Amino acid sequence: TAFMTMNSPGRGGPMGSSENMIPAERWEEMEIRMQHMQHEVEEARSALARKYTVEQELVSRAECAEEKNGELEQQVADASEKLELLTNELAAEREAKQLVEDELECTRAELQTRTEELTAEREAKQLV
């Protein structure tokens, strides 16, 4: 059986004891495992990149939604302010209308009284 030597870190040469010798089959098995792990790392990186892209899209959509929400909240505030102004205007117009109606009623009553007085005077003149 073939044996491969492992270099110890910092020594630059083969290790002295036979305990540190790795059989070629074991070495190949470790290389295959390392390739498999490298493939898994690449898949994980790809998945992470896809996840990052999806998250960025979601963040972008959320930011757009928040901006739109802010715009809509401003529109609601503006509409509420306008509604309050119009409500106050309507109340003032109703009050003015009521004053005119009251004045009209007084004028009609005065007219009725004056008409009755004139009718009474005319009838009195006819009797004389």
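**Exercise 1. State how confident the predictor is in this chain, and where its confidence is lowest and highest.**

Step 1. The mean pLDDT (the predictor's confidence in each residue, from 0 to 100) of the chain is 88, and 85% of the residues reach at least 70.

Step 2. Confidence is lowest in strand E1 (residues 3-4), with a mean of 43, and highest in helix H1 (residues 24-127), with 96.

Step 3. Residues 1-16 have a pLDDT below 50; in the model this stretch makes 23 contacts (heavy atoms within 4.5 Å) beyond near neighbours in sequence.

Step 4. This is a predicted model, in which local features need pLDDT of at least 70 and side-chain atom pairs count only at pLDDT 80 or more, while totals for chains, interfaces and linings use all residues. Residues are numbered from 1 along each chain as its sequence is written, and side-chain values use heavy atoms, with hydrogens and water left out.

**Exercise 2. List the elements of the chain in order.**

Step 1. The chain has one helix and two strands. Both kinds are DSSP runs numbered from the N terminus: helices are H or I with at least four residues, strands E with at least two.

Step 2. Starting at the N terminus, the order is β-β-α.
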